[in-house]
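User: Please take one part of this model and go through it closely. Keep it brisk.

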Amino acid sequence: MHQVKLFNKISNAGLDLLKKDSYEYSEDLTDYDAILVRSAKLHDLEFPKGLKCIARAGAGVNNIPLKKCTEKGIVVFNTPGANANAVKELVLCGLLLSSRDIIGGANWVKTLAGNGDQISALAEKGKSNFAGPEIAGKTLGVIGLGAIGVRVANAAIELGMDVIGYDPYLSVNAALNIQRGVAYTANLNDIFEKSDYITVHVPLMDSTRGIVGEEGIAKMKDGVRILNFARNGLCDEDAVIAGLESGKVACYVTDFASEKLLAQPKAICLPHLGASTPESEDNCARMAAEELIEYLETGTIRNS
Ligand code: MLT
């Protein structure tokens, strides 16, 4: 019988598949031949002798020691695309939050508590403090046209934006799914120079760390709005903060938090909420369990 060590809470959509195939699974196993993990960091984990594979219910694999896995012949799976819709929806929220001061406006209205019938009138008096531009007719630059970037680009077209996508490794699948109207560039500077809004959707690697940095920001339009819902480190935080302080960057919305950013009034930090929907948790757990079972039963590597 196969034994699967669980890290994090894994949705029943995945656990039911393990149960169906009579796999034993638990967070307490000490000897196991597979791991099913969400975002727990496995770098310090002592692998048991019989470990054959690790399935990550999510897209990024930064929490997995890939080099160690390669050395030991342990196959690593992830679930690209399984949470892409959830992340896309949050990016669209981020796009709107970067433009319209929804958080400031809502917080202002809360300060009016206790004013009874006057609240609505008082609230309106403050509204000019929270105005912001429409996104329709503006240009969105999408850095990275994978499962999430393509969905964001297509949705932005539907919202009336002009969209430019950049990806040096554009896959055939992504190219086929890109909606008419999304312009493509192989030159990152086009994104920096032409966009009113820039959103990053690439994995974090040595070659992408700080892909939005001082040099790129200097080329951007004044008042650019930058979004990072992919990985912490893709945007050079010091450069972004310098941009916010000089006014070059009107707003930075990110799914990651830091002490320095919290001190910035024009930065909005979220707690890595991108994939936090029940639908996405089900999709990721299901796909990860399927990959894991397929490998253990047939040796087929569906995605690694
Ligand atoms: C991912 O890598 O799948 C997303 O960042 C969400 C997550 O880590 O759970």
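N8 lies in the loop between β1 (3-7) and α1 (12-20). Helices (H or I, at least four residues) and strands (E, at least two) are DSSP runs, numbered from the N terminus. The model is predicted: local features need pLDDT of at least 70, side-chain atom pairs count only at pLDDT 80 or more, and totals for chains, interfaces and linings use all residues. Residue numbers start from 1 along each chain as its sequence is written.

Start with the backbone. Most residues other than glycine have a negative phi. N8 is not a glycine, yet its phi is positive, near 70°. N8 is partly exposed because 14 other C-beta atoms lie within 10 Å. The cut-offs: 20 or more other C-beta atoms within 10 Å of a residue's own means buried, 12 or fewer means exposed, and in between is partly exposed, with C-beta atoms placed from the backbone.

S22 sits in the loop between α1 and β2 (24-26). S22 also has a positive phi, about 60°, and is not a glycine. S22 counts as exposed because it has 8 C-beta neighbours inside 10 Å.

Now the helix itself. The axes of α1 and α12 (residues 278-298) come within 6 Å and cross at roughly 25°. So α1 is roughly parallel to α12. Axes are lines fitted to C-alpha atoms, for helices over the stretch in contact, and angles run from 0 to 180 degrees between N-to-C directions. Under 35 degrees is roughly parallel, over 145 roughly antiparallel, 65 to 115 roughly perpendicular, and the rest oblique.

Which residues meet? A13, G14, L17 and L18 of α1 contact D282, A285, R286, A288, A289, E290 and I293 of α12. By class, this contact has seven nonpolar, one polar and three charged residues. Contact means C-beta atoms, placed from the backbone, within 7 Å. Ala, Val, Leu, Ile, Met, Phe, Trp, Tyr, Cys and Pro are nonpolar; Asp, Glu, Lys and Arg are charged; the others, Gly among them, are polar.

Then the strand. In β11 (residues 249-254), six of six residues are buried. Strand β10 (residues 224-228) runs parallel to β11, joined by five bridges; strands pair if DSSP finds at least two bridges between them. N228 stands opposite T254 in β11. From β10 the chain crosses through α10 (residues 237-246) to β11, a right-handed β-α-β crossover. Right-handed means that, with the strands pointing away from the viewer, the path from the first strand over the helix to the second runs clockwise. β11 also pairs with β12 (residues 267-269), parallel, over three bridges. There, Y252 stands opposite A267.

Terms used
Contact = placed C-beta atoms within 7 Å.
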